[in-house]
Amino acid sequence: MSKVKITIAGINKKAGSSKEYKTGGWRTMKPEVDVEKCIQCFKCFDYCPDGAVKKTEDAIEFDLDYCKGCGICERECPVKAIVMKVEEK
Amino acid sequence: MMSENEEKELLASGHRMCAGCGEGTAMRAILKEAGPNSIATVATGCLEVTTTAYPQTAWEIPLIHAAFENAASVASGIEAALKQMDKKGETNILSFAGDGGTFDIGFQALSGMFERKHNVTHICLDNEAYMNTGIQRCSSTPYGASTTTSPSGKESIGEDRPKKPIARIAGAHDIPYAATATIAYIDDLKKKVNKALKADGPAFLHVFAPCPTGWRHGSDDTIELARLAVETGVFVLWEAEDGEICDIKITKKPKERKPVKEYLKKQRRFAHLTEEHIEKIQKEVDEKCEQYGF
């Protein structure tokens, strides 16, 4: 454990610093996207609780540092372009 | 195409919400709509513990966590101070709380904020129990749900009281905007956040967000359950503008209501319910929908 310096009143000046903590390690299932099938409706982007779906020019990609593998994107994809696969360590 | 502002994530990744948490989806949409020129307060609850694990924070806007009961009072203070210093301008003041921090513990502070007519938007993220402390019942827990303090068993069917209609109670304070929304309909949710922030005075938004851990459903069922709650009539989406609480507008009317059984059967907190109980719940939902006019 590294030492944490407590600031006055616990003020935290570093906005968005939770990104230092990678939640990808929680995952047991991993999403994969078929770029050919993607129609860019971005439902997965809107519904992802972790902000782990990134928009690209022709489809989407997953930020596996933060994806917790909940599977919402697979369920909500209207064209079944996303498939959840067992994570291999 | 969305503007650059809307694309910016104001709830950073790396927060500790459970996989498939409905609040994550809700908060990303709400903060995007509110924009960076916002100040938030948050009551104790899932949202607070998962986003502010010291020394980190997932918030990209200024945030104060006070206590369980006073998110609305602290937000009132911020609004009053900004007005006094002539700095209110276009800054949005939001106060966030879970169902515990709104329905039960924070209700007095919330009612006071409405009464004093502060220009604050209170957003309640409702997952129907005290999930953060271990799934204890709340006045938002629906009839028949099994929780750790209302367990189902031989003598009990779980929670035996109905859910408190909090948005109607909030609306009854004659505030300019009160509405209900859910994460299955993101555009509707964003539209309501926008209206709430633009309202001249206090606004209330009740956001229904399923909880895989407490409701005991699959983490991928979250959005589906939010949608089913609307399609079955369990949760009604409406808004009331300019204090017209008697003249509410239904914003999403299912063409044909699905039986509540479809919604209940997906959740293990309702697994003990017999056909008789389900019929009773169906009857109550039918009566409620009739009240709302569909």
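**View 1. The charged end of A:K55 sits over the ring of A:F45.** The distance from the ring centre is 4.4 Å. B:R28 also lies over the face of A:F45, at 5.1 Å from the ring centre. A charge sits over a ring if NZ of Lys or CZ of Arg is within 6 Å of the ring centre and within 35 degrees of the ring normal. This is a predicted model, in which local features need pLDDT of at least 70 and side-chain atom pairs pLDDT 80 or more, while totals for chains, interfaces and linings use all residues. Residues are numbered from 1 along each chain as its sequence is written, chains are lettered from A and ligands numbered from 1 in the order in which they are written, and side-chain values use heavy atoms, with hydrogens and water left out.

**View 2. B:F114 and B:F204 form an edge-to-face aromatic pair.** Five aromatic pairs are found over all chains. Rings of Phe, Tyr and Trp (its six-membered ring) pair if their centres lie within 6.5 Å; planes under 30 degrees apart are stacked, over 60 edge-to-face, and the rest tilted. For B:F114 and B:F204 the values are 6.2 Å centre to centre and 80° between the planes. The pair links distant parts of the chain, 90 residues apart: B:F114 is in helix α6 (residues 107-115) of chain B and B:F204 in strand β6 (residues 203-208) of chain B. Helices (H or I, at least four residues) and strands (E, at least two) are DSSP runs, numbered from the N terminus. Both B:F114 and B:F204 are buried; buried means under 20% relative accessible area, exposed over 50%, and partly exposed in between (1.4 Å probe, protein chains only).

**View 3. Ring pairs link B:F208, B:W215 and B:F235 into a cluster.** B:F208 and B:W215 are both buried.

**View 4. The largest pocket is lined by 27 residues.** A pocket is an open set of points on a 1 Å grid over the protein atoms alone, where a 1.4 Å probe fits, with protein on both sides within 12 Å along at least five of seven lines; lining residues have an atom within 4 Å of a point. B:P162, B:K163, B:V234, B:V285 and B:K288 lie nearest the centre of the pocket. α12(B) gives the most to the lining, with seven residues.
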